[in-house]
Amino acid sequence: MEEAIKHIETLSESSEPKSVDETILPENTQTTFTSQQPIETTETTTPLPENPPVLDLFEEALQKNDNYQSGFWNGYFGLSKDTLETYLSEKGRYDKIFDQLLYQETLLQENLQKITLHKQKYQDIFSELTQINYQLDYQINLRQRRGEGLAETEKQIQSYKTERENLRNNNSFLGGILFLLAAIVFIAGDLIISHEIVAYALNIKNNIEAWSFAVGLAMVSVLLKPAYDRLIEYPYLEDKTLRSKRVYLIFKILVVLFTIVTLCILGYFRYEAYRADQLKNSLNSTILTLQEEETSQNLALIEELSRKTEKLSQDLVQSPSGMWAFVLSGVMFAIAGAICLGIAFPILVAYIRIWFQIPIKLRKLQKIRESQLSSVEDLEHTISEQTAIAEAKKSQLEALGNLEELQKQRQEIADTILKLKKDLHTCKVELQIYELNLGYEKGQHAFKLEEIKKQEQTYNSEKLTKELSNLEENLNGNGKAAIQEILAKEAKNEETEKQEEMINEGITETPQPNRTISSKVLSKIRKK
């Protein structure tokens, strides 16, 4: 009986679950399984601690760290640390690449926002700048046109001033008046001669008709003036060619010669008229003296003297010099009047322009110039403002930066993101490989433990079966109850083994303490 109880105690100890310390020592465990020697049991057994031993307070703090726990349990289960180290390194690299990827994506979003904002601002500013440049070009062209108009007005003003100075320098007002008076005198003289000749020669009795005819003849000077101006005066003053100067010189010589000849004839005629007049006066005085004594002889003398007087008058009238004097003097008066009018009229017209026409023109041009100048100044002020605004808009465009640089940065960021995604994918694949290796190692370790447990369970089952068969032969009916109790203990041991398997699979649960058959149970078995 005592031998059976000892065998039951031995079986109970061998059938109890191994501690965690035994799981990490497979060689010792295998040695225990192969040993056929019975194990001595004592009723006072020391259970394993519920948690792994803690060396110091620092390790207690480290137990809260996931990496520490992972390393601890990998070491606890006897796994290789290289795979875990590589896994943690790749995971850190994965997190670093992922953070860089997030940062680069943030930069990309900011860059895209900058590009969108740049395009929008550039479009707005460029549209405003285009409108300003359009208005500026229009105002510059308008300023140019009005400036040309102002320059033309100033040119006209200066031209009128120059003309006025030239007219004052080239024409004498007093000379013009003298020539005008001379022309009037010549026309008046021609008028009187024409009146006397017409009234006497044509026997016009009506005085008005005689004067009208005489005025018409006297206006020949006015008729000759345009011919003189166009043929002689204007070519000489304006063309100033050799031919015009030669024509003018010949005309002057001819006029001088004609005047001298006419004056000579008139002088000779005047002398004849004076001589005839003196003779007539002498004869008349003789006749008066003879009339005082009326004798037949005196009467004959008076008649003779009267015939001489009449003869003198007839000789004077019929004198060729008188005829040529009247003809040439009429022609000379007409030509002289035309020449004097041709000289006097330009001078008078010049002073009319100096005193009336040019000042009126200058006043009008001054008003036009002031209006144009005011308009040009307003346009210049507007152009200056528009130019300043355009420069400000250009500065804003320059301040926006170069769009190509932003696009280049976007391309660089996109390339960096693509490279980071490739690195992240590679790192992710490597992490999966390391996780697979880590799981594979744990699976291999769990498989080895499972094989060891199966061997142990087989050994314990065979041993228990053998012992039970021996006990059945030696024990009575009460011994069977003890055997059933031992079998219940064995079921509990199997549950404990399942918990150990869960720990081997990586679940960080607290290891269960060893359970041994207490002395009370053994005493009950002994009694039975």
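This is a predicted model: local features need pLDDT of at least 70, side-chain atom pairs count only at pLDDT 80 or more; totals for chains, interfaces and linings use all residues.
Visitor: How many residues does helix α12 have, and what span does it reach?

Guide: Helix α12 covers residues 320-400, which is 81 residues. From first C-alpha to last it reaches 111 Å, close to the 120 Å expected at 1.5 Å a residue.

Visitor: Where does α12 bend?

Guide: The bend is at Arg-353 and amounts to about 45°.

Visitor: What follows α12?

Guide: Gly-401 follows the helix, and its phi is positive, near 90°.

Visitor: Which residues does UniProt list as a "coiled-coil region"?

Guide: An unreviewed UniProt entry gives residues 389-423. In the model, that stretch is 94% helix and 0% strand, with its end C-alpha atoms 52 Å apart.

Visitor: What describes a pair of aromatic rings?

Guide: Two values are used: the distance of the centres and the angle of the planes. In this structure the count comes to six aromatic pairs. One of them joins Phe-186 and Phe-333, at 5.7 Å centre to centre with 50° between the planes. That pair is tilted, because stacked needs under 30 degrees and edge-to-face over 60.

Visitor: Which parts does the pair of Phe-186 and Phe-333 tie together?

Guide: Phe-186 lies in helix α7 (residues 173-201) and Phe-333 in helix α12, so the pair links parts 147 residues apart in sequence.

Visitor: Is Phe-333 buried or exposed?

Guide: Phe-333 is buried, with a relative accessible area of 17%, because the cut-off for buried is under 20%. Phe-186 has 23% and is partly exposed.

Visitor: Which residues form an aromatic cluster?

Guide: Phe-173, Tyr-351 and Trp-355 form one.

Key:
Residues are numbered from 1 along each chain as its sequence is written. Side-chain values use heavy atoms; hydrogens and water are left out. Helices (H or I, at least four residues) and strands (E, at least two) are DSSP runs, numbered from the N terminus. The expected span of a helix is 1.5 Å times one less than its number of residues. The bend at a residue is the angle between axes fitted to the seven residues ending there and the seven starting there. UniProt positions are given in the numbering used here, feature names are shortened, and annotations may be inferred rather than shown by experiment. Rings of Phe, Tyr and Trp (its six-membered ring) pair if their centres lie within 6.5 Å; planes under 30 degrees apart count as stacked, over 60 as edge-to-face and the rest as tilted. Buried means under 20% relative accessible area, exposed over 50%, partly exposed in between (1.4 Å probe, protein chains only).
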